Amino acid sequence: FKALKTAPLESDISPGLTIQLHTEKLNSLDVGSPVYFRQIQVGKVERHSLEKDGSGVVVRVFFAPEYAGLVREDSRFWNAGGIQVSGSLAHLEVEAESLDSIIAGGIAFDTPSGEKAGPATKDSKFWLHSSKTDVETYPFQYRQRRINIEAPKPRSIAIGDEVYYPA
């Protein structure tokens, strides 16, 4: 027998689905952080690294075969670590994915189309939003590219404005 320096990744020795999540920063995620669907753990973070150009972070996530079908081409992922607080003094809302995710961090996702979109494939790429609020406020699905739009003056572009791209 030959000893390995590190344990093999579960995806290297078990069937299932691996995907890549791209984000600006890692936050509280680490190897082994849970991935939730409807507050049930269905996957885990296998590894994380910097983008080749250092512009962000790539998080590799593994799903066991029985949960792989939950991930569709239009699934939306967000950082579920910590708690989300919103409201006013009269009405305060506190939301968390689970007690474990408050302490250890985690990722949650949903699939707005249900099974209408095709299934995700090995190494599919998704954007990891900073929060569920971010997903709901900016529902655009990022694939392999992010688009930055610069305005001549602050607040001169609003959500819903038409953007034209020359052909």
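Predicted model: local features only at pLDDT ≥ 70, side-chain atom pairs only at ≥ 80, totals over all residues.
I'll start with the salt bridges. The count comes to 2. One of them joins Glu46 and Arg60, where the closest N and O atoms are 3.1 Å apart. Glu46 sits in strand 3, residues 40-50, and Arg60 in strand 4, residues 57-63, so this pair ties together parts that are 14 residues apart in sequence.

Are these two residues buried or exposed? Glu46 has 5% relative accessibility and counts as buried. Arg60 has a relative accessible area of 19%, and the cut-off for buried is under 20%, so Arg60 is buried as well.

Next, Arg76 and Asp110. Their side chains meet in a salt bridge, at 2.8 Å from N to O. Arg76 belongs to strand 5 and Asp110 to strand 8, residues 107-110, so here the parts tied together are 34 residues apart in sequence. Arg76 counts as buried too, at 17% relative accessibility.

That leaves Arg72. Where does Arg72 lie? Its place is the loop between helix 2, residues 65-68, and strand 5, residues 76-79. Arg72 has a relative accessible area of 11%, so it is buried.

What does the side chain of Arg72 reach? It reaches the backbone oxygen of Ala117, at 2.8 Å. Ala117 is also among the residues that Arg72 touches, once residues up to four places away in sequence are set aside.

Key: Residues numbered from 1 in each chain as written. Heavy atoms only, no water. Helix = DSSP H or I, 4+ residues; strand = E, 2+ residues; numbered from the N terminus. Buried < 20%, exposed > 50% of the residue type's maximum accessible area, 1.4 Å probe, protein only. Polar contact = N/O pair within 3.5 Å; in protein donor to acceptor, adjacent residues only side chain to side chain. Contact = heavy atoms within 4.5 Å. Salt bridge = Lys/Arg side-chain N within 4 Å of Asp/Glu carboxyl O.
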